[in-house]
Every structure is written in structure tokens, then in C-alpha cells.
Amino acid sequence: MNARRNCWLALSLALATPLAAQQPAARTRRPVAQRPAAIPTPRSVLGFEPGEDRKLAEWPVLMRYYQALAAASDRVDFRELGKTTLGAPFVALVISSPQNLRRLDSYRRLNARLADPRTLTSNRDALQARRDGRTIVLITSSIHSTEVGGHLTPAMLAHRLATDTSAATRAILDNVILWLVPSLNPDGVTIVTKWYNRTIGTAAEGASPPELYHHYTGHDNNRDWYAFTQVETRLTVDSLHNVWHPQIVHDIHQQDSDGARLFLPPYLDPIEPNVDPLLVNGVNALGTALAWELGGQGKAGISVNATYDAWTPARAYQHYHGGVRILSETASGELASPVTMPFDQLDQRARGFNPRKPSWNFTAPWPGGRWTLRDIVTYQTDAAYALLQHAARYRDRWLANFLSVEWRAVRGWRDWPWAYVIPAQRQDSVGLATLLGILRRGQVEIRSAQQPFTVNTVRYPAGTYVVVLRQPYAAFAKALLEVQHYPDRRLYPGGPPQPPYDVTAHTLPLLMGVSAVVAQDSLRVPLSAPLAAAQLPRATPGYPGFGEGEAPRVGLYKSYAASMDEGWTRWVFETWKVPYVPLVDSVIRAGRLKEKFEVIVLPDQSPREILDGLPARRYPPPYAGGIGAEGAAALRQFVLDGGTLVALNEASRFAVQSLLLPVRNVLEGAPDEDFYAPGSIFRLELDPNHPVTRGMPTQSIAWFEKGPAFDVLDSAVVRVIGRYPADPAKLLLSGWVLRPERVAGRAALLEVRQGGGRVILFGFRPQYRGQAIATFPLLFNGLQLRQ
């Protein structure tokens, strides 16, 4: 083993300059003063015991507790890392023994050396770093703000660690440095709490708020861990992940109330293939150890190896940075209100287990009954504490495996390419800058060729970017740059497809319109040192035709049945400086829309949600009901009067049905066995003569996810702007598709003339999660069509 490690060390030193030293996060230090004798309890600041029925606290109140706790305890430091989307403080606590906190910078530097073994000079150096280091654990909570146990669990956990004098807690404090982010979405904590407190005692009590709980992304804020579009993601990655390199990340969530009381890993297959097998082993070992510990405490209803897979990097940054991600999902109530769940109403069709029957991965079914916020907080707090005990008990193993993972990344995997080559010229400037920026934020080393070179008979000039896959975070680069081949998984042999937990594709070069070429063998060309941020291209997002005095009057539909796609569309419009006005149901129902708008955009949303909205039995005015028949008629009149209606993805089904367009959705009502593509990248062929394709190549991509595909019924008023290839074998670019022949040759993007106006039907999401830069121009051009 020593000889092998010496070989790895020699190879790594020859390959590359070490990663730039990371700087610690900005901190708010406590004043040097005598600490109060009493450690404040959560009740003393919040006014209630976390877990009490129907009791939640807004973010400023919770933050006051964490500040008071840090002021009183020498085991806790409070740090403000920055500001959220809506301007709230984004904070973290660092919790450890007083001795460890005094040497915090020393431990940070030491762990950074383990994260990049090229900085270690010998085996003795590596052994000393392991011996002197501490397990770094990052616990994050309440990214999804309707999962309200996560608002309160961090307060209970932090108080326990600050006050408990047991041997178990002392071992945690001595061996672990815990970074605790009480909320990854502080804005949402306040949004949900205000809504809940307003509705207690009404029919709406326990219902989700009639708005996104993250200003732009809603639930998709936990799908941003490689694109880094949101400020909260960037703060967490820049200040914690990339500075502290945690061996363990524990992400606290909640799930539906009719399944397991608690999910813990192992994850279901498929596992994303670039995750180091040792990390998969670590996830499996830690998750099952927690289930064993909690089962020993008498907790029932714990599932493992069920429900959730680990395919997409959008939820698992640490899997590509040397650590494990332990997702926990506790059963929910109705926000902070209790629920009663009889045993015979538990969902027998849960993915991977039956909550009414014992099995190897669900050994002790929960008997049903009343489920409260206190149950949620207790399960979450005890699971987090058990995780910290494991991190302390097996500190040496966590550090040794962390170092082994990074060594293997530096050495490189035998079946991996040597590098990816990214041309610096003739690329989409914003796409290129965004892609390279993502890689660099993910701590991927990007180099430039010092001389011209050839790959696959193609000549590339000096200055071409090269990402060598022999570096600590090569897996992050490879996962994002390569094409995904999601396995064909069925619920049973020959049966319907088994859905992935999220989507199946994440190939950034395709999404962003950037060329990235595989170099299988070592390049015979000198390369630069890793480029600094200032040496990479920059581009300011923006699009011609939206300046003052020239921009069309755009209305963006905003349903109270809040649509994440609406939030993403707002984010894209604001980032790319496209002026717009939000349109709610009552404004659409009022009609006379052409007097106010030239263009109306309907984001991806089902026809039922657009028409019917939220149910009147739960929600009061103005939230209940959608646009209704009255609003549908108003939109039709808007088009007849000369307006442009742009419908995205499922909203196109609404437009076809409600405006009686001469178009047929060939996938309407099709079961998954007949066609299935759960978040995949398709090839798109464009009409170069249509104004919507201005500035676009003749072939592009389409992000397909639950969208329609069209047959034209009246070519006199319908023009095909883009269609899928006639050859089914050429349809899929990345991800998974079953029976591609169902959409081969069908239209994906249409212009339908009606009266004096038009409807632009997108059968895909051109602005998908802020990532599909390659197809942004199709949307922007569609907004600028003139009569």
C-alpha cells in the first residue's frame, strides 16, 4: 500500500499545480467578554418548545436564538455568510469543542490538504494529517420550507450539543467539527410561517402557501447543486463546501405522510456512474448504521434503499467532492398541524417497499395513528445526533477514505478519457462563460493549451481550454460534460418504466450550446497552470430587442397554484434583462388584455391547474380557482385582437384545448409504456427561415419533460418552426427515452395564426431551470414577433 501511495504521489506532483488555497468564510466573531452562565433554551427565545403543535417561528426570531446560543456557549460560533435572494441573513453555526474552535483555521488548512493529496509531501505527512484532523460534517436543513420540522430541528440539535455533558456528546465535540446551516432557504421559512399563522383555524390550515417558497425556484432550489444559479446555493458552496470539504453532508428533508416515517440511504439504483465506489460504500454503511441506531431506540417505520435514487448531481454536490451525502426524509404533517394516518391508508405502492409489511429494508412498520410536529423533530434530531456519533467514532476511517477518494481522482480511472477539450472560439459567449464558471466554482481545474494541437483529426489553436480528468474533482467535470445513458429500468420485466426520482440528463455542453470534445489519450501539448477566474471569459447576459423603448409589453402568467417553471422564467427574464409584468388570475379574467400587453407567456403548467387553480374548499379568495372559462375566453380574444400567446411545455396543451387550435398532441393520454422521456435532451431540427429561429443553428436541442408533440391539422394557419428527427435513432442526445418512434418527425415548436394574432406552442421547456441557454433565443425571439 505504501508503494502504491508513493506512486500516486509522484504521479500527482507531475500532473498539476495544487488547487489554490481557499479562504475561510467571512465571520461574525463574538466579543471577548464573560459569557452568561445560562445557555438559552429554544423556548426562552422562540416562546414555545420546538415540536409543539401549530407553533412555528419566522426567520428573524430563529436567528435571534442562534445568536443568543453562540453568545452564551463556548462550543458554538455564529457566522453570517451573506444575504439571501430577498435580503435576509444567510447564516451557519460551527459547533465543536472549545479547543477545536480555537484552532479552527488550523483544522481548515489541514483538511484542505487531505482534499488535495498533491499538497502532501510524503506518506508520513498524510498519516499525520489524518491523525490530527477532525471529521468535518455539514448538516443543512429546511431548503424546502413547507418541510417545517427542518425549521426547528437545528435549534434542538444545537442546544443539545451546546449543553449536554454526556460522554457521547463530548466525543462528538472532540472529534467532529460541525457546520450547521439552520436553513438553506431563510426567505421560505418566513413565507411559510406567515402563511401558516394566518390560516390557523381556517380551512387553509396546513395547506401550502399560494406562492413559491423560494422566490425563483420553489422546490427546485434543491436541484441547483451543479448549476449554481441561486445565491443561496453559491453561498453554501463557496463558504462551506469548497472551504471545509466535508466528509459527510447530511441534508434534512420531509416526505409524504403516507409512507415511511423516515427514509435513510442506501439509495436505489441507478447511482450516477462517476461517484467513487468508496463513497457509495460510505453512504450505504452510514445510512444503515443510522437506521440500526434509531431502530434500537424503538423508532418504527424506517426505510432504507427505497424511494430515492442518486442519479443526478443536481442534488449531490458532495458526491463529486470526496464526501457522502446522507439524505433523510421524515414523514410530514400538514405543515405544523398534526395528521392522523390509519395503518390501512399507508401507501402500499411505495417505491421499493410496502409500508404495511416488514421487509429487509423496512423491518419495523409503523402501526399508524397520530403523527405530529414533535414526532418529526424528534426523528430528525435523533438521526442527526446518531450521524454525529458515527462521524466521531469512526473519525480515522472517514478521513482515510476521504483521502483515498481524492488520491484515486488524482491518479485517474483507467476507463476514463484523459481530458475534455473546450474550444475558446465560435462558441455561444454566455454559454461558454457559464459552463466554465460552473466548472471553476465546482473547483475543477481548467487549463489552456500553449500551442496548437490535434484531437480526432481536428486542429485546435493555442488558447483552447482543456479539463484534464486527473485532478481531485474530475468526477464533477466528467459528470457534467459527458452524455448520460440512463438505464432502461422497469417496474417488472416487460412492464412500465420505473420513474427516476428526478431527471435523467445533465449534459451542460448540450444545454448551453457549447462544444466539448473528448480526448481519450494524453495530449501532446504543453498546458498552462490552472486558470484563475480572471483568466476565464466573462459575458453579461442580455438579448437584443429588449432595451428601453424597443421591448414588447410582456405579461407573465403567475398562478396561485405556484409553478416552479414560472419562477424559473422570472429568473431568466430578470437575469437576461427582459422586462415583464406578472399576470394573476383576476387580471386575465378581467379581459381587455391587448390594451395592456403585446405578448403573454404561459409557463409550463398543466391545463387543469391553469383553468381550475387551487381548490375553493381549502383556499380563500383571491387564491382559489384558476383563470376559468372566463380567462380562457379572454386569452382567445387577446390573440384574435392581435396579441402573441407563448405557451411552454404542458401549457401548450391548455392553449390547444382552450383556444381550439388546429393541432393534435400525439402524446395526449399516452401511458408511460407507449412513450416515456423523464427529463431528457432531444435533438431539434429548426426552420432557418422563421423569425423565431433568428441567430440559431439549424440543429439544436430540446429539453423534453412531460411535454406534447404535435401533428398539424391545418397547414394554412400552422407553421412548423422546429421538429424532432424523422429517424427515431437520432432523437435522443442524452438521458432516457422509451419508444422514440412516437415523436420522431413530429413538430416540437409551432406558430399558429388565429385572427390578428398568433400562438407559439413550445412542446419543451426552452428555459429549463435556467440552464438551457442553447434555446433561450427561441423564447426571446418568440416574444419579439411583430404583426
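Start by selecting residues 231–244, helix α10. At 1.5 Å a residue, its 14 residues should span 20 Å, and the end C-alpha atoms sit 19 Å apart, so the two agree. Keep in mind as you click around that this is a predicted model.

Stay on α10 and centre the view on V237: there's a kink of about 35° here. Among the buried ones are E232, H241, N242 and W244, along with V237 itself. Step off the end of the helix to H245, which follows α10 and has a positive phi, near 50°.

Next stop, the aromatics. The whole structure holds 34 aromatic pairs. Pick Y676 and W736, an edge-to-face pair at 5.4 Å centre to centre with 85° between the planes. This pair ties together distant parts of the chain, 60 residues apart: Y676 is in the loop between β23 and β24, W736 in the loop between β28 and β29. Y676 has a relative accessible area of 11%, so it is buried, and W736 is buried too, at 4%.

Then select F762 and F764, also edge-to-face, with centres 5.5 Å apart and planes at 80°. F762 has 0% relative accessibility and counts as buried; F764 is at 0% and buried as well.

Finish with two arginines. R160 lies over the face of Y385, 3.5 Å from the ring centre, and R261 lies over the face of W366, at 3.9 Å.

Technical notes
Residues numbered from 1 in each chain as written. Predicted model: local features only at pLDDT ≥ 70, side-chain atom pairs only at ≥ 80, totals over all residues. Heavy atoms only, no water. Helix = DSSP H or I, 4+ residues; strand = E, 2+ residues; numbered from the N terminus. Expected span 1.5 Å × (residues − 1). Bend = angle between axes of the 7 residues up to and from the residue. Buried < 20%, exposed > 50% of the residue type's maximum accessible area, 1.4 Å probe, protein only. Phe/Tyr/Trp six-rings, centres within 6.5 Å; stacked < 30°, edge-to-face > 60°. Lys NZ or Arg CZ within 6 Å of the ring centre and 35° of its normal.
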